[in-house]
Amino acid sequence: MWRSTLRNQFLRQCFVNNINRKFLKSSVAAISQVQKIETEQVVKSGSTSPEPIQTSPYLSVVPKKTLNEQFLSFDDIPGPKSLRMISKFWGMIPVMGTELTVSIIQYFLSGGKFFGGVLSWGGNASFFKKFFDIYGPVVRLHGAFGSDVVLLKKPEDACAIFESEGKYPIRSCLDSIEKYRVECRKYTQPGPFLTHGSEWEKVRKSLEQPLQTTVAEQHGKIRKICESFVERITILRNKQEEMPPDFKVEICKWSLECLSAACLNKDLGFLNPHCLSPTSDSSKLLDGLLGATEAIRRCEYGFHLWKFVETPAWKVLVKNCDKIDTVLSKHVEEAITSLKYKQDKGGSLEKVSFLESLFLHDGIIKEDVMTILLDMYLIGANATAHTAAFLLYHLSRNPRCQIKIHEEVRKYPENIGRDDLKKMKYLQACIKESLRLDPPIPILSRVLSNDITIHHYRIPKGTHILFASHLNKMGNEYFEDSSWFKPERWFSDEHGGFGNEYQAFASMPFGYGPRACLAKDLAETEIGMLIFKVCRQFKIEYNYGDIKSSNELLASPTKSLKFRFVKRVL
Ligand code: HEM
């Protein structure tokens with residue numbers, strides 16, 4: 001009996017080691033791919049001598065270099081000792097993953113529930129603070145197979161990372177979505193958020209112009225959607241003028257409707273209660289999005305057993321991503337047919353929809369467009385909904401700010417455009433301030449493609465960097481009264497602080513550099529229009545204590561959003 005158990009364990013271990021090697025390889029392959037492209041470009045440009053070091057065009061400051069710098073080794077970086085021991089035996093267990101590394105340490109540090117929590121760190125990135133409080137601003141977590149993680153929080157360190165990231169930065173996250181797309185759907189690349197190197201560049205380039213055009217063309221539709229949302233609020237109010245406990249879902253519907261207007265050029269009726277029959281596209285998209293988001297959280301923040309066996313969370317993820325895929329592929333097919341029709345008729349290709357315009361780019365095929373749309377729905381819709389929810393919350397807590405916003409929005413006509421929105425200084429400052437306090441993507445991640453020196457520590461290429469910029473709201477080093485909602489701080493300095501030379505890196509809700517969010521304009525237009533419409537009509541209150549962000553990768557508010565919307569007499 002025990003012999004057969006041992007044999008089974010041995011066979012399983014061989015199987016697992018094989019798979020683990022495969023996953024490790026993909027990270028290493030991404031770095032090699034990026035370096036190959038960069039070398040090829042140097043060769044193509046005919047340069048034989050080393051290129052002069054270029055400052056990133058995204059940087060407004062150049063990091064200071066100390067003369068006679070003395071380096072400390074990677075091993076000198078402080079971090080939980082227990083993990084060094086764990087990492088040695090790590091190769092023997094069939095699990096791995098960046099987030100898991102963090103989970104295990106949390107367990108060791110806080111004596112967390114071993115099985116109750118299934119080694120999950122609950123996804124709350126604020127607990128990173130514990131590490132910084134114990135080990136200082138640079139913390140090393142020993143990971144499996146040499147893929148160590150370094151946690152950073154200081155803006156000057158972010159600056160050094162972004163300075164060194166080159167043309168093809170690599171992001172490390174969402175293995176579950178990558179596996180779904182590459183293994184289940186057999187797509188050759190996992191989408192703009194997850195892909196690297198030239199594949200990423202091709203997809204990113206195909207998106208930039210069409211996104212700009214669609215925001216410019218569809219902002220009128222987005223304004224109408226925000227008007228419908230205000231009507232929906234009026235319908236949803238109970239006798240205390242409060243929203244139902246699942247108001248979070250209503251905000252999600254608003255965000256999906258805006259995204260569908262911009263990307264599909266369709267009104268899917270998310271805000272129309274009659275359109276949400278269980279068989280409608282809108283219903284399937286909404287269910288798919290909510291289900292997939294939850295499943296991704298479960299898959300990413302715990303044992304990555306789903307890499308080897310079909311866990312319940314993995315099955316839920318596949319089911320819901322399939323649901324989203326089925327709906328979106330219908331729209332993609334429609335766009336292909338419509339574009340073909342226009343091309344066959346020899347008609348003008350100047351007036352094409354967002355989806356059609358993607359197909360006009362060289363090398364973009366149906367599966368690229370599918371993954372683009374999926375990323376937009378999964379990441380974009382969630383991020384925008386989270387931002388809108390927290391801005392409403394911060395306004396509800398700050399009646400003084402509401403008075404100011406109301407004074408500002410009253411000066412504009414109902415049918416404002418994007419240019420008007422940009423002129424509303426106070427409203428714009430409120431959006432920035434809310435994003436500073438509660439960014440929907442609180443952790444930025446990169447895999448180093450070069451060795452780098454941070455705080456005199458030499459950090460080797462291949463290291464995973466997790467950057468927790470949102471923790472700067474917890475000290476007063478970069479922002480005065482940093483935990484307060486103070487939109488006015490954005491008036492005196494472009495970056496909302498003391499004008500410190502690294503201030504630009506103290507709040508980076510849309511990320512930074514070549515991989516920064518490419519839909520910032522769209523997101524800001526949606527949120528600006530929403531707040532404009534809501535604040536004209538209502539005074540917002542919240543009477544149930546503090547709301548925190550879950551601070552997960554796909555963050556969400558941890559409490560129900562029972563806002564009270566009191567009708568204003570204009
Ligand atoms: C307020 C709303 C949003 C916020 C705060 C936000 C934030 C972010 C952040 C922090 C990143 C990672 C940047 C980095 O690693 O440097 C990102 C990337 C991305 N976002 Fe957004 N986002 C928002 C809305 C959207 C929307 C609406 C869409 C789609 C329509 C979208 C699509 C993407 C994509 C495709 C990427 C990957 C870009 C790349 O790797 O090249 N985001 N976003």
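This is a predicted model: local features need pLDDT of at least 70, side-chain atom pairs count only at pLDDT 80 or more; totals for chains, interfaces and linings use all residues.
## Helix H10 and its surroundings

Helices H6 and H10 pack with their axes 11 Å apart, at an angle of about 65 degrees. For orientation, the protein has 17 helices and eight strands, and 46% of its 570 residues count as buried.

**How H6 meets H10**

- Angles of 65 to 115 degrees count as roughly perpendicular, so H6 and H10 are roughly perpendicular to each other.
- The crossing in which H6 passes H10 is right-handed.
- From H6, the residues that take part are Ser-176, Tyr-180 and Cys-184, and they meet Leu-317, Val-318 and Cys-321 of H10.
- Sorted by class, this contact has five nonpolar residues, one polar residue and no charged ones.

**Helix H10 itself**

- H10 covers residues 312-344, and its 33 residues should span 48 Å at 1.5 Å a residue; the C-alpha atoms at its ends are 47 Å apart, which agrees.
- Its buried residues include Trp-314, Leu-317, Cys-321, Ile-324, Leu-328 and Val-332.
- Asn-320, Asp-325 and His-331 are also among the buried residues of H10.
- What do the buried residues of H10 pack against? Their partners are helix H6 (175-184), helix H9 (281-300), helix H11 (354-359) and helix H12 (366-397).
- After H10 comes Gly-346, which has a positive phi near 70 degrees.

**The loop between H8 and H9**

- Asn-265 sits in the loop between H8 and H9, and its phi is positive, about 60 degrees, although it is not a glycine.
- Is Asn-265 buried or partly exposed? A buried residue needs 20 or more other C-beta atoms within 10 Å; Asn-265 has 18 such neighbours, so it counts as partly exposed.
- Gly-269 lies in the loop between helix H8 (247-263) and H9 as well. With 19 other C-beta atoms within 10 Å, Gly-269 is partly exposed.
- Gly-269 and Val-316 are 47 residues apart along the chain, and 25 Å separates their C-alpha atoms.

**A loop between two strands**

- His-456 lies in the loop between strand S4 (452-454) and strand S5 (457-459).
- This histidine has a phi near 75 degrees, a positive value in a residue other than glycine.
- His-456 has 13 other C-beta atoms within 10 Å and is partly exposed.

**The chain as a whole**

- Of the contacts between residues at least 6 apart in sequence, 73% join residues at least 24 apart.

Note on methods. Residues are numbered from 1 along each chain as its sequence is written. Helices (H or I, at least four residues) and strands (E, at least two) are DSSP runs, numbered from the N terminus. The expected span of a helix is 1.5 Å times one less than its number of residues. A residue is buried if 20 or more other C-beta atoms lie within 10 Å of its own, exposed if 12 or fewer, and partly exposed in between; C-beta atoms are placed from the backbone. Two residues are in contact if their C-beta atoms, placed from the backbone, lie within 7 Å. Axes are lines fitted to C-alpha atoms, for helices over the stretch in contact, and angles run from 0 to 180 degrees between N-to-C directions. Angles under 35 degrees count as roughly parallel, over 145 as roughly antiparallel, 65 to 115 as roughly perpendicular and the rest as oblique. A crossing is left-handed if the near helix is turned anticlockwise from the far one by less than a right angle, and right-handed if clockwise. Ala, Val, Leu, Ile, Met, Phe, Trp, Tyr, Cys and Pro count as nonpolar, Asp, Glu, Lys and Arg as charged, and the others, Gly among them, as polar.
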